Amino acid sequence: MKRIILTGAAALVLALSTASLAEDDNESEKHYNKDRGYEVQLGPRPFFLVENMDPGQLKSRLERCLSGPFKRTDFSIGHRGAPMQFPEHTLESYQAAARMGAGIVECDVTFTQDKELVCRHSQCDLHTTTNMLETPLAEKCSESFQPAAFDENGNLVTPASARCCTSDITLADFKTLKGKMDASNPRAASVADYMKGTADWRTDLYATRGTLLTHKESIALFQKLGVKMTPELKSPSVPMPFDGFTQEDFAQKMIDEYKEARVRASKVWAQSFNLGDVLYWIQNEPDFGKQAVYLDGRYDDPAFDHRNPATWSPPMEQLVIDGVQIIAPPMWMLLETENGQTVPSRYAEAVKDAGLGIITWTFERDGPLDNGGGWYFQTLNGQNPNPSQPGSVINNDGDMYDVLHVLTKKVGILGIFSDWPATVTYYANCLNLK
């Protein structure tokens, strides 16, 4: 097995992860074997992608693994579960991720009107991720449904809209809802039409009864499934403090629920786009802070250029000084094209030089790659506002494995979030990654 040599904080992070894996193996396998339905089942997609790859050494290597066997791996992280086909952050989505070998599964954490923690990608996404608009609870939405408006020529003037938040309702209300695929129809004239719009490469086949979960319920489920946990503290969509509930209260309550469930800190990768949350955990919950993840969302800042270190505030070295050990940017920030090849970006090299561990997101989220993919591949398909080179090095679905290989072998990521964990599980098993 080839080994990636890491130094500094990255080596410490990897050591923590490896030690955690070893000490939890017996406990995890107990759950894993008890629930026979959760044995790793990859389905046909990874094999389809390998077949679709361009000829080369990597394809040949992946073809040698077609017979398995396959096991769970921490390198494969279930992004909101397995939302390519199952409504995100639902029982069904989480179960699917575990079955596909994800060793770590994500609950995005927000709060209800009565300050209870629940799994939702955004505090205000219930109008697109649940059936709330077609229930009596629609009356409690922050903004009621408004149909689309068109001009006399049939051109869309104002898209259909609504805004329904977890903070609009109590936990009891929340538990009456059903999850659906995250989508809406901007041209809708009715609620029924608005709730449609699922991308044609996703499916509504499993979206009829998505079971919503509280954060505590997700912890209990993940314990049963024998997987580790990566909760993300979502940025509130309401002013804080919320009825006396401060940002610090929110950050602490999330960690407290793991402690109450007797989950070891080594099994939890707490995440946030808000650096203040990460620093709070480092300072106030050091056991959990050791592997807290800073989600780097600075790409939204017009002054930030991932190719120009002078625009990085704070710089990588300051993050290390402050105690951050893992950073998690989107895939495109770690990659660049050079002479028609995919290579690590200047940002990726700087992260490694600083000794930070790297997790990235999100695999299998752009849909078919025959057109080069979208946002997550923007530095490889020429769609970045400031492309390093014109053109695209992405032209078929199999290319995603080549991208994953660069991220693994040349960038040195510790793991990757995926909307369909089986794809990453296959790769990780074939390359003997833990």
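Me: Let me start with the cut-off: a residue is buried when its relative accessible area is under 20%. With that in hand, which residues in α4 are buried?

Reply: Keep in mind that this is a predicted model. In α4, the buried ones are Glu-92, Ser-93, Tyr-94, Gln-95, Ala-96, Ala-97 and Ala-98. That makes 7 of the 9 residues in the helix, which spans 91–99, so it's mostly covered.

Me: And what covers the buried residues of α4?

Reply: The cover includes the strands β1 (73–78), β2 (102–105), β4 (117–119) and β10 (210–211). Helices α8 (215–225) and α15 (421–430) are part of the cover too. While you're there, look just past the end of α4: Gly-101 takes a positive phi of about 90°.

Me: Now a residue at the other end of the scale. Why does Lys-140 count as partly exposed?

Reply: Buried is under 20% and exposed is over 50%, with partly exposed in between. Lys-140 has 41% relative accessibility, so it counts as partly exposed. You'll find Lys-140 in the loop between α5 (126–129) and β5 (143–146).

Me: Which residues does Lys-140 touch, leaving out those up to four places away in sequence?

Reply: Asp-168, Ile-169 and Asp-173.

Me: How do I read a cavity?

Reply: Rolling a probe the size of a water molecule over the atoms shows where empty space is left. Here the count is 1 cavity of 30 Å³ or more, and the largest cavity has a volume of about 50 Å³.

Me: What kinds of residues line the largest cavity?

Reply: The lining splits into 8 nonpolar, 2 polar and no charged residues. Among the lining residues are Ile-77, Ile-104, Trp-269, Val-293, Leu-295 and Phe-417, along with Thr-230 and Gln-271.

Me: What about hairpins? How many bridges join β16 to β17?

Reply: There are 4, and the strands, residues 335–338 and 341–344, run antiparallel. Then check the turn, where 2 residues sit between the strands and Asn-339 has a positive phi near 55°.

Me: Last one: which residues does the UniProt annotation "domain: GP-PDE" cover?

Reply: According to that unreviewed entry, residues 74–411. Over that stretch the chain is 26% helix and 17% strand, with the end C-alpha atoms 17 Å apart.

Definitions and conventions. Residues numbered from 1 in each chain as written. Predicted model: local features only at pLDDT ≥ 70, side-chain atom pairs only at ≥ 80, totals over all residues. Heavy atoms only, no water. Pairing = 2+ DSSP bridges. 1 Å grid on protein atoms, 1.4 Å probe; cavity = no way out; pocket = protein on both sides within 12 Å on 5 of 7 lines; lining within 4 Å. Points joined across faces, edges and corners; volume = space filled by probe spheres on them. Nonpolar A, V, L, I, M, F, W, Y, C, P; charged D, E, K, R; others polar. UniProt positions renumbered as here; feature names shortened; annotations may be inferred. Buried < 20%, exposed > 50% of the residue type's maximum accessible area, 1.4 Å probe, protein only. Contact = heavy atoms within 4.5 Å.
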